[in-house]
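Let's take a walk through this model together, starting with a sheet and ending at a helix face.

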Amino acid sequence: MPASVPSDGRPDSRRAEVCAVVLAAGEGTRLRPLTERLPKALCPVGNVSLLDRALARLAGLGLTGPERVAVNACYLADQVVAHVGDRAYLSVEPGDPLGTAGGVANLRDWIDGRPVLVGNADAYLADPVSAPGPDVAALFDGWDGQRVRLLGRPAANPTAPGTFAGHDFTGFSLLPWRLVRDLPVVFSDLVRAVWRPAEAAGALEVVPYPGTFYDTGTPADYLAANLHAAAGGALVDPSATVTGRCAESVVGAGSRVGGDVRRTVVWPGATVRTGERLRDAIRTGDGCTVQTDAPDGSRLQAQVETSSMGEDADERRNVS
């Protein structure tokens, strides 16, 4: 099995034995209507699906292939399965999603005694200094293989509910096998089943993440992550056609922009007609427009409109 390179560049036998699970089973209810036809994990950020971003981050740690990486799926699972292909082991949950802890428990036989790095597919992370993979490698530095480790960033209110050691969770946790082994295959979350008990026992550590993090679970945060990926400019797929005005936006493959867009995400195959003006919005391929409430994307409420181009317009994975 390929070993990965720790943040200090030295070999690390503990990281060589670890496996990884990407949680991609949730319904993404807070992100509706964007997730009515597309799983949240496949929603594009910067013209790359969230799931592909997660798999690329794991590849940056030397974790690739179905022996080292698993992806769970439930809601619109056929799309996730087709998208992943043979890049990872697939765990399809029948019925309703099992939650973050139940999803890991369902993979117990595949994990098979190994420590496991668990990542949320909906986590957008970007470090201006380190590439995906090395940017989270500090999770392994000096790890004793017994404690739970969470990736986090300092919280605005360090004592607020949902924080750990004054930090907000930023999408990745490292779990020892001893805590995975006895998890029941029932709906449950890692917060209550693993993290809080470990914290109470003095067996939880938070590793600070130095970069930018967005939980893309709401339209406003999803838009904010895309705008961050665009880095203040227009990120346009080479196959898109733009004849209108486009600023501070992300324009997907095969889309057509004849109108005026600013701080907007145009999904692959979508159309913005001549004369249309979109601000702080997401336009999907079937003509749905989700209009966020604030220019900076900070408010969670969204207004949904239906373009004449089409008929229609989760479990929240946080630490609260």
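**Starting at a strand pair**

Strand 1 (residues 19-23) and strand 4 (residues 69-73) run parallel and are joined by four bridges. Strands and helices here are DSSP runs, numbered from the N terminus, with at least two residues (E) for a strand and at least four (H or I) for a helix. Two strands count as paired if DSSP finds at least two bridges between them. Within this pair, A20 has V69 of strand 4 as its bridge partner.

Before going further, a word on the ground rules. This is a predicted model, in which local features need pLDDT of at least 70 and side-chain atom pairs count only at pLDDT 80 or more, while totals for chains, interfaces and linings use all residues. Residues are numbered from 1 along each chain as its sequence is written, and side-chain values use heavy atoms, with hydrogens and water left out.

Seven strands form an open sheet with mixed pairing, in the order 5-4-1-6-9-8-10. On average, neighbouring strands are turned by 30° against each other, direction ignored. Helix 7 (residues 190-200) packs on this sheet, where it touches strand 6 (116-120), strand 8 (148-154), strand 9 (167-175) and strand 10, and its direction makes about 95° with that of strand 9. For such angles, axes are lines fitted to C-alpha atoms (for helices over the stretch in contact), and values run from 0 to 180 degrees between N-to-C directions. Contact means heavy atoms within 4.5 Å.

Which strands does it pair with? With strand 10 the pairing is parallel, over five bridges, and with strand 9 it is antiparallel, again over five bridges. L150 has V206 as its bridge partner in strand 10, while G152 stands opposite F169 in strand 9. Five of the seven residues of strand 8 are buried, so the strand is largely enclosed by the rest of the structure. Buried means under 20% relative accessible area, exposed over 50%, and partly exposed in between (1.4 Å probe, protein chains only).

In strand 9 you will find H167, which counts as buried because its relative accessibility is 16%. A polar atom of the H167 side chain lies 2.8 Å from the backbone oxygen of A165. A polar contact is a pair of N or O atoms within 3.5 Å; within protein, one must be able to donate a hydrogen and the other to accept it, and residues adjacent in sequence count only if both atoms are side-chain atoms. Leaving aside neighbours within four places in sequence, H167 touches residues including G152, R153, V206 and P208.

Q291, in strand 20 (residues 288-292), is also buried, at 16% relative accessibility. Its side chain reaches the backbone oxygen of R279 at 2.2 Å, and a polar atom of the Q291 side chain lies 3.1 Å from the backbone oxygen of D280.

Finally, turn to helix 2 (residues 50-59), where L50, L51, A54, L55, R57 and L58 are buried. Looking down the axis of helix 2, the buried residues fall within an arc of 155°, so they line one face of the helix. The arc is that of the directions from the helix axis to the C-beta atoms.
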